[in-house]
Amino acid sequence: MGRRICRNVVFVGCGVSRCQPTLVNLYPGQPGSAVAYGEDNLQALKSEFPDLVWSTFREETRCVVSREQQFELLAFLKNTQGFDLLVDITCVDYLNFRDAVDRFGLVYLLANTVTNERLNVRCFVNEPELNVRSVASLWLGANWMEREVWDMFGIQFEGHPDHRRILLPEEFTAHPLRKDYPLRGRGERHNFPVLERGAS
Amino acid sequence: MALLETQTRDLAHDEEQEFVWTLNFGPQHPATHTTLRIVLKLEGERVLDAMPDIGYLHSGFEKIGEHLDYNQYVTVTDRMNYISPMANNVAWHCAVEKLLGLDVPSRCQYIRTIICELARISDHLLSTGAMGLDTGAFTFFLYAFNQREKIYDIFETLCGARFTNSYTRVGGVMHDATPLFVEKVREFVRTFPKTVDDMERLLNRNRIFIDRTKGVGLLTAEEATNWSCTGPIARASGVTRDLRKDEPYLCYPDFDFKVCCMREGDCFARYLVRIAEIKESLKIVAQAIENLPEGPVNCEVGDRAHIPEKSQVYSTIEGCITHFELTMANRGFEVPQEECYHAIEAPNGELGFYIAGDGSDVAYRARCRPPSYIHFAVFPYLIRGHTLSDVVAVLGSLNIIAAELDR
């Protein structure tokens with residue numbers, strides 16, 4: 001694992017007799033700094049998954065994984081590399097993006113709460129195979145993030161415990177954050193069924 | 001919005017448990033504070049399950065982000081977490097500046113730190129205040145809200161707007177801080193601790209409040225991390241993660257402050273962590289306002305990032321060219337065709353923006369990592385097994401802002 005970051009942390013205690021917070025200084029020291037992915041871990045990963053494409057931008061370490069290896073890599077990162085915090089899952093539709101080959105790019109933002117490392121894992125998917133394996137079994141927090149990606153981009157997550165739309169109504173058919181969906185919609189707002197009082 | 005009618009009906013007519021009944025909590029309910037709906041499955045007063053049903057306030061902020069340029073979109077970020085809009089503005093423009101590779105001057109960084117911490121104070125005041133209000137402590141709420149007015153006054157002095165500030169710009173801020181602003185912040189730092197003391201005296205040992213919040217909505221540190229919780233909610237469970245210390249942005253390394261944590265992980269712990277954070281934030285504000293550096297507040301004209309002052313535009317050729325370049329439709333910022341993520345420690349947790357730039361003035365993709373959305377996913381887990389009256393306590397302690405939840 002990478003180095004342990006010194007932090008200046010206070011535990012606010014609540015006494016039994018008086019509930020005045022008591023301050024305990026656990027990690028005295030200088031503040032840490034954002035850590036790019038550690039070099040030794042990087043070597044371990046590169047030998048385990050030789051097919052990954054690595055890049056760095058603004059001190060962020062990123063890798064691109066194939067659709068087949070996506071779950072395997074994320075499980076490896078979670079279980080043996082200590083990436084216990086799934087910061088976010090999002091997606092980018094590269095329809096009009098210059099020089100783009102793939103249609104959708106899934107982005108998994110991972111963080112390690114102990115060593116403070118961050119890693120962005122990207123996975124490209126193309127039509128007609130718009131499905132990847134769900135990581136909700138690894139991180140509970142992935143549940144709603146994946147539902148939002150399904151809602152907005154129409155990418156299916158196999159093995160998701162609750163695969164439904166989340167922000168949009170169930171009868172909505174489009175996936176509005178795709179680039180071929182117009183900004184003002186396709187008239188859903190005007191054609192929304194209105195239930196008259198006493199009609200039901 | 002995604003609850004099927006059949007599923008709701010199934011809950012009500014569960015054959016095995018015929019005492020189970022269904023209660024609609026929201027979308028319009030005083031204790032949700034905003035528009036969100038929870039379908040509760042009750043046995044007597046005990047909550048067996050809760051099904052959040054969100055999306056009532058969905059307005060496509062991320063889609064709008066693909067059509068507004070980097071300076072215009074700040075007005076939309078105001079409307080995400082509207083009880084601390086300054087933190088959202090800073091988060092958005094820090095992410096944009098990371099994408100553009102810009103460094104802002106230290107005076108700008110100090111001003112941004114001050115407004116971030118003032119936003120944190122005002123957010124925590126409202127969230128603890130509303131939690132007190134929901135559990136029956138009305139006086140506490142009034143004490144908290146009175147001080148929020150003072151912070152609104154400070155923001156009004158700074159940028160003219162009280163509520164939706166839109167204060168930051170790419171490579172700088174809208175206006176430089178005036179001496180009046182400094183004076184008002186000093187006044188606030190001097191008078192505010194008395195209110196915190198009053199608030200603590202009102203609730204910290206209040207029997208009713210402790211009975212309603214202690215041991216309710218338990219979350220352990222491992223669960224909090226596994227559910228992707230950040231901010232006060234994770235810290236109340238013992239996760240010692242704070243981006244201000246762990247990944248210092250702006251000028252947080254310059255200040256002496258502590259990260260406030262608790263191990264209990266219940267609603268009362270979240271309340272105490274927020275109150276303790278208010279005091280730490282006040283320390284940061286006090287240090288920053290006394291050490292506010294002199295000098296330019298915005299990026300240099302040569303960086304071609306910030307629209308220069310009118311005096312520069314009319315009297316220097318560089319200023320004139322920069323103004324022209326930035327305002328013409330076919331010119332603008334020099335954006336790399338890249339993607340990056342930047343997060344700040346917003347009052348509610350890690351608020352980050354994932355921006356994909358395509359060379360134009362407009363983000364190709366502007367993803368917001370909303371803490372409220374991620375925290376609300378935990379709600380069914382927290383409330384299971386507790387009583388109906390605990391719903392408002394848990395909801396208050398999570399500080400769910402529906403505008404940020406649905407975006």
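Two strands are taken to pair if DSSP finds at least two bridges between them. In this predicted model, six bridges join S8(B) to S9(B), and the two strands run antiparallel. One of the bridges involves Gly357(B), whose partner in S9(B) is Ala363(B). The pair belongs to an open sheet of three strands in chain B, with the order S7-S8-S9 and antiparallel pairing. Strand S7 (339-346) and S9 of chain B form the edges, each pairing on one side only. On average, neighbouring strands of this sheet are turned by 15 degrees against each other, direction ignored. Helix H4 of chain B, residues 85-100, lies across S7, S8 and S9 of that chain and runs at about 40 degrees to S8(B).

The loop between strand S8 (349-357) and strand S9 (363-369) of chain B contains Asp361(B). Asp361(B) counts as buried because its relative accessibility is 17%, and the limit for burial is under 20%. A polar atom of the Asp361(B) side chain lies 2.9 Å from the backbone nitrogen of Phe333(B). Apart from neighbours within four places in sequence, the residues in contact with Asp361(B) are Asp69(B), Tyr70(B), Arg331(B), Gly332(B) and Phe333(B). Two of these contacts, Tyr70(B) and Phe333(B), also belong to an aromatic cluster together with Tyr73(B), Trp92(B) and Phe353(B).

Over all chains, the count of aromatic pairs comes to 25. Phe104(A) counts as buried because its relative accessibility is 0%, and Phe153(A) counts as buried at 2%.

A further edge-to-face pair consists of Trp144(A) and Phe376(B), with 5.9 Å centre to centre and 85 degrees between the planes. This pair crosses between chains, from helix H3 of chain A, which holds Trp144(A), to helix H15 (residues 371-376) of chain B, which holds Phe376(B). Both Trp144(A) and Phe376(B) are buried.

Charged side chains also lie over aromatic rings. Lys179(A) is placed over the face of Tyr364(B), at 3.9 Å from the ring centre. In chain B, the charged end of Arg148(B) sits over the ring of Phe145(B), 5.4 Å from its centre.

Key:
Residues are numbered from 1 along each chain as its sequence is written. Chains are lettered from A and ligands numbered from 1 in the order in which they are written. This is a predicted model: local features need pLDDT of at least 70, side-chain atom pairs count only at pLDDT 80 or more; totals for chains, interfaces and linings use all residues. Side-chain values use heavy atoms; hydrogens and water are left out. Helices (H or I, at least four residues) and strands (E, at least two) are DSSP runs, numbered from the N terminus. Buried means under 20% relative accessible area, exposed over 50%, partly exposed in between (1.4 Å probe, protein chains only). A polar contact is a pair of N or O atoms within 3.5 Å; within protein, one must be able to donate a hydrogen and the other to accept it, and residues adjacent in sequence count only if both atoms are side-chain atoms. Contact means heavy atoms within 4.5 Å. Axes are lines fitted to C-alpha atoms, for helices over the stretch in contact, and angles run from 0 to 180 degrees between N-to-C directions. Rings of Phe, Tyr and Trp (its six-membered ring) pair if their centres lie within 6.5 Å; planes under 30 degrees apart count as stacked, over 60 as edge-to-face and the rest as tilted. A charge sits over a ring if NZ of Lys or CZ of Arg is within 6 Å of the ring centre and within 35 degrees of the ring normal.
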